[in-house]
Each structure stands twice: as structure tokens, then as C-alpha cells.
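Subject: Structure for your review

Hello,

Here is the structure I said I would pass on. My notes on it follow below.

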Amino acid sequence: MSEETIGAEGVVCMWMRGGTSKGGFFLAEDLPSDSQARDAVLLAIMGSPDARQIDGMGGGDPLTSKVAVVTRSSRPDADVEYLFLQVYVDQALVSDAQNCGNMLAGVAPFALERGLVPSQDGHTDVRIYMANTDKVAKARVATPGGAATYRGDSQIDGVPGSASAVLITFEDTAGSSCGALLPTGHVVDEIEGVEVTCIDDGMPTVLLRAEDFGLSGQESRADLDADTALKARLESIRLTAGPMMNLGDVRDKTVPKMTLISPPQSDEGCVSTRTFIPHGCHASIGVLGAVSVATACALPGSVADAYARAPSDSNHPLQIEHPSGQTAVVLHRDGDGNVTSAAIVRTARKLFDGRVFPY
């Protein structure tokens, strides 16, 4: 597909909210096959680089500058394949270095809308190969009468109102990006005099105690974003952690995420978090980031272990607190107590379907 064709005809696209994120969903065949040409188109569509993304569809925030590229899969264990791309807001950069579990919530309904997967009456299970991390997740979507519905009574913190639930189950996500659940080989490491837990259960994450930075862990997103000294220190630790986690030089990467841990504030909470993604404070927490945090809470001796308050019923969800509320994660364990899979409820909503014009 040439630049002239794209400029004249636009690109077929569905804009969706997935979980607490929002972005463009594209069929792979509707974008240039060359990755550099594709990225140039996506930057133009979002209006990057520009802090406001005023000349594009992006919302001036990493959470609203995301892309899902979807295609039918030939794999025996998957129905569709999903490539997540993070379009930077203020840089001419598109990254495939991480997955996004929030945008994942929109993949199954998008696949059903595009006819990539046949709908069943009642609900439809869609097996999704996550190309970024070489793993498969299963999403269950409500399809009354054989059509995806977005209306429902499920609520997730960080999103107003309610919508139809999308139940996402992750299996075998340990070490998706780093090669091991604990890529350093230790439950706790020390970096620049600070104890950290480096973990990857679907999202490479560095957990740190908020109190080690003189914080309560309940600071607002705005206050943390304004704390330039804190962000500089976190970035220094992140750059050291990258090679330790088998991620190499992470200076231009969006992983690992940096998550400050503190005691839960609500009666039902497991642990409280403030996550940097990686340079700005997240309005909530990413889906796979929440899975990594929940798994760390189940690891004796981890940075989160001393704070974590686990429910007495192992089937009860762990409520991971964040600036917008809580994210519930259900961990499934084997006979030895090792986490084998995690499930999380998200919602999604179709916002528009049509053509977007990058030029």
C-alpha cells in the first residue's frame, strides 16, 4: 500500500476502548507490510510527535496512543494474532517491546466484528496469540444472538459507567519477555542501595517500596509526575535493571515498568501501587502489570510480600490498588503453590468504525 493510496483512501480502522486504554484496531492487511512504513503511518495517524497530538487521533497520553494489529492465525493453538504497538506521544517512535493487556480486551470483539472468528450464541471464546511475547491468552466475550455486545453491568476502576465483561485468562506467561519469572535469579536484588524485585509474569516489572523513596505510596499521579528527582532516580534504577532482566539497554524501551509498592488502603485490598510506564505515572495499572504484581505478592520474601494482604480463599481475587481504584486478579496455583495462570475481567467498547486519514 503506497503513501499516495493511503493519503487518498485513508486506512480502514476501528477505534476502541480496551480496559483503561484506547486506540486504533487494524487488520494487518490494511497497513503497510514494511514495519518502517507502517510505523510512519501510525505516527501520522496519532499526530506524533506532539505533546497534544493535535493533528491526529491520539489523546496526548500514552494510554490513548496505542495500536492493535490483528490477523487471522494459522497456529493450531490460536484463532487470531495480535501485535501491540505503543505510539509515543512526544517522540517519533513506535515500540513493540511490550504487550498490553488492556488493549487485548478489545481484540476478541474486534475479531468478531471483522469476521475473523465465527460467533456463537451466548458467549464466544477467542484464543489470541500475543505476538509481542509469544504467548496465548483466551478471551470470553458475550455474544447474545451470535453478535458481540458492549452493553453490560461490569465495571472496572478507571472507566466510568459499565459495559459487557471480557474475561481474559493468561497461561504460561512467566518470563514472556525476560526468559524467566525472576530473570535475575533472585527474589530480591539491590540496585543503588534500594531493594527491588524484578519479575516478569507477562510484563517486565521492577517492584520497589515507596517508603524507600520517602513516600507513602498514596501520592497523586500529578504529584509523582511533578517529582523530577524521583523520576530521575527511578530511571537510573531502571537502566541498571534492564540488562539484569535480559532486556539489554532499555533507554529507548517502554519496559521494564517501575512500580512503587505500599500497604493496601482498603479492607479488601491486597497491595497499593503507583506504576511508571516508564517515565510518567500510570492513571491505573496495566493488566499484565497487575498480574506481575499479584504474582510477586505470592512470592515469599519479595518486595511486595511484607505488605501483601492475601484473601483466605485462594480462589478470591487479589485486589491490586492503583490511583483510579482497584484491579482484581485471580491467581491459579499448582499443588506446590506456584502460580500457573491468572484471570482478569476487563471491558471494551467500540467507539467508531471507518477510515482514518494520516495525510
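**Loops and backbone**

Pro49 sits in the loop that runs between helix H2 (35-46) and strand E3 (66-72). The model is a predicted one. The bond joining Ser48 to Pro49 is a cis peptide bond, with omega about 0°. A cis peptide bond also leads from Val255 to Pro256, again with omega near 0°. Pro256 belongs to the loop between helix H5 (228-244) and strand E12 (257-262).

The loop between H5 and E12 also holds Asn246. Phi of Asn246 is positive, near 65°, and the residue is not a glycine. Asp134 is another non-glycine residue with a positive phi, in this case near 60°. Its place is the loop between strand E6 (122-130) and strand E7 (135-143). These entries are listed because most residues other than glycine have a negative phi, and most peptide bonds are trans.

Strand E14 (residues 318-322) and strand E15 (residues 325-333) are paired antiparallel through five bridges. They make a hairpin with two residues between the strands. Leu318 is placed opposite Val329 of E15.

E15 is in turn joined by five bridges to strand E16 (residues 339-356), and the two run antiparallel.

**Nonpolar cores**

Which residues touch the most other members of the largest nonpolar core? They are Tyr82, Phe170 and Leu208, in a core of 79 residues. In soluble globular proteins, nonpolar side chains tend to be buried together.

With neighbours within four places in sequence set aside, the contacts of Tyr82 include Ala68, Val69, Met103, Leu104, Val107 and Ile128. Asn99 and Asn132 are also among them, as is Tyr129. The face of Tyr129 has Arg75 lying over it, at 4.0 Å from the ring centre.

**Aromatic pairs**

The count of aromatic pairs is two. In one, Trp15 and Phe352 are stacked, at 6.0 Å centre to centre and with 10° between the planes. Trp15 is in strand E1 (residues 11-18) and Phe352 in strand E16, so this pair ties together parts of the chain 337 residues apart in sequence. Trp15 is buried, because its relative accessible area is 4%, under the 20% limit. Phe352, at 27%, is partly exposed.

The other pair is Phe25 and Phe110, with ring centres 5.8 Å apart and planes at 45°, so it is classed as tilted. It links distant parts of the chain, with Phe25 in strand E2 (residues 21-27) and Phe110 in helix H3 (residues 101-113), 85 residues apart. Are Phe25 and Phe110 buried or exposed? Both are buried.

**Salt bridges**

There are eleven salt bridges in the structure. One of them is formed by Arg221 and Asp61, whose closest N and O atoms are 3.0 Å apart. This pair also links distant parts of the chain: Arg221 is in helix H4 (residues 221-226) and Asp61 in the loop between H2 and E3, 160 residues apart. Arg221 is partly exposed, with a relative accessible area of 27%, whereas Asp61 counts as buried at 19%.

Asp353 and Arg114 meet in a salt bridge at 2.9 Å, N to O. Asp353 lies in strand E16 and Arg114 in the loop between H3 and E6, so the pair ties together parts 239 residues apart in sequence. Asp353 is partly exposed at 42% relative accessibility, and Arg114 is partly exposed at 23%.

Asp212 has a salt bridge with Arg209, the closest N and O atoms being 3.8 Å apart. Asp212 counts as partly exposed, at 32% relative accessibility, while Arg209 is buried at 16%. Salt bridges with shared partners join Asp212, Arg209 and Glu195 into one network.

Regards

Notes: Residues are numbered from 1 along each chain as its sequence is written. This is a predicted model: local features need pLDDT of at least 70, side-chain atom pairs count only at pLDDT 80 or more; totals for chains, interfaces and linings use all residues. Side-chain values use heavy atoms; hydrogens and water are left out. A nonpolar core is a set of buried Ala, Val, Leu, Ile, Met, Phe, Trp, Tyr and Cys residues joined through side-chain atoms within 4.5 Å. Buried means under 20% relative accessible area, exposed over 50%, partly exposed in between (1.4 Å probe, protein chains only). Contact means heavy atoms within 4.5 Å. Helices (H or I, at least four residues) and strands (E, at least two) are DSSP runs, numbered from the N terminus. Two strands pair if DSSP finds at least two bridges between them. Rings of Phe, Tyr and Trp (its six-membered ring) pair if their centres lie within 6.5 Å; planes under 30 degrees apart count as stacked, over 60 as edge-to-face and the rest as tilted. A charge sits over a ring if NZ of Lys or CZ of Arg is within 6 Å of the ring centre and within 35 degrees of the ring normal. A salt bridge is a side-chain nitrogen of Lys or Arg within 4 Å of a carboxyl oxygen of Asp or Glu.
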